Amino acid sequence: MADNARAKRLADLIREVVAQKLQRGIKDPRLGSKVTITDTRVTGDLREATVFYTVYGDDEERAEAAAGLESAKGVLRSAVGQAAGVKFTPTLTFVADALPDTAKTIEDLLDKARASDAKVREVSAGAAFAGEPDPYKKPGEDEDDAAE
C-alpha cells in the first residue's frame, strides 16, 4: 500500500496529463474546450483513479462529453502511463462533478435570504421600540426615583 503523499502526487499528475491531453491531443468534437477537469483521486493501492470533470452547457452537451470521455479513456490512460512511469497504470473512471450545480443552489438560497433580509429591513424602518428607548438602568437612577 502506497503512502498518501505518493497517491496525492499521482492524482495531481493524472489531473494535469488528462487536462493537457483533452486540450491538445484528443480531436473529439464532443470534448473540445467544454470539459474542465476539477479533481482527481487515487486509491491507496494506486490501482484506480477517479477523475472529476465539469461540462459547461446543457444536459445534452454533458451526455455527449461523458460519451466522449468514455471513448477516449484508453488514450488518456496510455498518456498517464507514459507520464507517470509507475509499474501499473491506474484505471480511469470519469465522474461528472456536481460542484457547479451545488454552487448554483447555494447562490439561489443566499439570494432568497438577502431578499428576506431586505423585506425585514423595509418593515422595520419606521418601527419604534415597544418599551422605553433605553431599557437599561443606569447607576443613580433608582435613587432619584426614590427621592421623589
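Me: Looking at the strands, how do S1 and S2 pair, and over how many bridges?
Reply: This is a predicted model, and in it S1 (residues 35–42) and S2 (residues 48–55) run antiparallel to each other, paired over 7 bridges.

Me: Which residue in S2 is the bridge partner of aspartate 39?
Reply: That's phenylalanine 52.

Me: And the hairpin turn, how many residues sit between the strands?
Reply: There are 5 residues between S1 and S2, and one to look at is leucine 46, which takes a positive phi near 60°.

Me: OK, zooming out. How many helices and strands does the chain have?
Reply: You get 5 helices and 3 strands. Going along the sequence, the pattern reads α-β-β-α-α-β-α-α.

Me: Is the chain a compact globule or more spread out?
Reply: More spread out: the radius of gyration is 29 Å, while the globule rule gives 15 Å for 148 residues, so the chain is well over that value. The C-alpha trace spans about 95 × 40 × 20 Å along its principal axes.

Me: What share of the residues counts as buried, then?
Reply: 22% of the 148 residues. As for the accessible surface, the chain comes to about 10600 Å², with 53% of that belonging to carbon and sulfur atoms.

Me: What about contacts, how much comes from residues 24 or more positions apart?
Reply: If you take the contacts with a separation of 6 or more, 61% are between residues 24 or more positions apart.

Me: Switching to side chains. How many aromatic pairs are there?
Reply: 0 in this structure.

Me: Which charged ends sit over the ring of phenylalanine 88?
Reply: Arginine 47 has its charged end over that ring, 4.2 Å from the centre. The charged end of arginine 77 also sits over the ring of phenylalanine 88, at 5.5 Å from its centre.

Me: Last stop, proline 133. Where is it?
Reply: Proline 133 is in the loop that links helix H4 (99–123) and helix H5 (141–147).

Me: Buried or exposed?
Reply: Exposed, because proline 133 has a relative accessibility of 70%, and the cut-off for exposed is over 50%.

Terms used
Residues numbered from 1 in each chain as written. Predicted model: local features only at pLDDT ≥ 70, side-chain atom pairs only at ≥ 80, totals over all residues. Heavy atoms only, no water. Phe/Tyr/Trp six-rings, centres within 6.5 Å; stacked < 30°, edge-to-face > 60°. Lys NZ or Arg CZ within 6 Å of the ring centre and 35° of its normal. Helix = DSSP H or I, 4+ residues; strand = E, 2+ residues; numbered from the N terminus. Buried < 20%, exposed > 50% of the residue type's maximum accessible area, 1.4 Å probe, protein only. Pairing = 2+ DSSP bridges. Rg over C-alpha atoms; globule rule 2.2 N^0.38 Å. Contact = heavy atoms within 4.5 Å. Areas by Shrake-Rupley, 256 points an atom, 1.4 Å probe, with all protein chains shown as cover.
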